[in-house]
Amino acid sequence: MKFCEYVNAVLTGPVSLLKGMGVTLKYFFNPKRIVTEQYPENKATLKMHERFRGRVELIHNEQGFHNCTSCGICEKACPNASINVLSTKNMAGKKVLGKYLYRYDTCTQCGLCVDSCPFGCLGFAHDFESASWDKKSFELVLNKCEGQG
Ligand code: SF4
Ligand code: SF4
């Protein structure tokens, strides 16, 4: 390092230090402005952002019913075959959803299935701790009751 560069570093160093301290002091005296999440200490109260994309979910109402008609549009829309809609027939002989199979491990959260459903049946869950050693745990059945609808 040349002498003039050394002198320059000595003179500008304290200035940058004071700038950093200024930021620290600003948040110290006004903690409400802190946006850093204290994870995992805040795990119980942590809420993900509204637009966060976790796994795909089949939306059920309070009574546990969904609007899926088993049309299969979402399955066709999925670019990597993460969805398999299995139909069945109800007692009246009407085609209804049997099993809504979903693979979380291959899903890229692209949202094509959510956007393509004509009945707004799909959304993204907000759970975020999904790591697992068991590959089977990523193969999910999204409907709560078979033959509903
Ligand atoms: S979000 Fe994309 S990749 Fe995942 S299931 Fe839907 S269409 Fe397939
Ligand atoms: S979730 Fe929507 S697009 Fe997919 S099968 Fe059901 S009704 Fe059709």
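A residue counts as near a molecule or strand if one of its heavy atoms lies within 4 Å of it. By that criterion 13 residues surround ligand 2, the closest being Cys68, Cys71, Gly72, Cys74 and Cys117. This is a predicted model in which local features need pLDDT of at least 70 and side-chain atom pairs count only at pLDDT 80 or more, whereas totals for chains, interfaces and linings use all residues. Residues are numbered from 1 along each chain as its sequence is written, chains are lettered from A and ligands numbered from 1 in the order in which they are written, and side-chain values use heavy atoms, with hydrogens and water left out.

The shell around ligand 2 comprises 10 nonpolar, 3 polar and no charged residues, where Ala, Val, Leu, Ile, Met, Phe, Trp, Tyr, Cys and Pro count as nonpolar, Asp, Glu, Lys and Arg as charged, and the others, Gly among them, as polar. Around ligand 1 there are 14 residues, of which Cys78, Cys107, Cys110, Gly111 and Cys113 are the closest, and by class this shell holds 9 nonpolar, 5 polar and no charged residues.

Cys78 belongs to the loop between α2 and β2 (83–89); helices (H or I, at least four residues) and strands (E, at least two) are DSSP runs, numbered from the N terminus. With a relative accessibility of 15%, Cys78 counts as buried, a class that means under 20% relative accessible area, with exposed meaning over 50% and partly exposed in between (1.4 Å probe, protein chains only).

The backbone has several features that deserve attention. Most residues other than glycine have a negative phi, and most peptide bonds are trans. Ser70, which is not a glycine, has a positive phi of about 65°; Ser70 sits in the loop between β1 and α2 (73–77) and is buried, its relative accessible area being 2%. Gln109 likewise has a positive phi, near 55°, and is placed in the loop between β3 (95–103) and α3. A cis peptide bond, with omega about 10°, joins Tyr39 and Pro40, and Pro40 is located in the loop between α1 and β1. Within helix α3 (residues 112–116) lies Ser116, which is partly exposed at 23% relative accessibility; the C-alpha atoms of Ser116 and Ala77 are separated by 6.8 Å, although these residues are 39 apart along the chain.

On the scale of the whole chain, the domain assignment, which is of an automatic or database kind, gives domain 1 (1–36) and domain 2 (56–141). The centres of domain 1 and domain 2, taken over C-alpha atoms, are separated by 51 Å.

Helix α1 (residues 3–29) contains Leu11, which is exposed, with a relative accessible area of 59%.

Salt bridges, each defined as a side-chain nitrogen of Lys or Arg within 4 Å of a carboxyl oxygen of Asp or Glu, number 4 in the whole structure. One of them pairs Lys43 with Glu129, whose closest N and O atoms are 3.6 Å apart. Because Lys43 lies in the loop between α1 and β1 (56–58) and Glu129 in the loop between β4 (122–124) and β5 (139–141), this pair ties together parts that are 86 residues apart in sequence. Lys43 is partly exposed at 43% relative accessible area, and Glu129 is partly exposed at 46%.

Arg55 forms a salt bridge with Asp127, with 3.2 Å between the closest N and O atoms. Arg55 lies in the loop between α1 and β1 and Asp127 in the loop between β4 and β5, so the pair ties together parts that are 72 residues apart in sequence. Arg55 is partly exposed, with a relative accessible area of 22%, and Asp127 is partly exposed, with 39%. A salt bridge also links the side chains of Lys136 and Glu139, at 3.6 Å from N to O; here Lys136 is exposed at 59% relative accessibility, whereas Glu139 is partly exposed at 36%.
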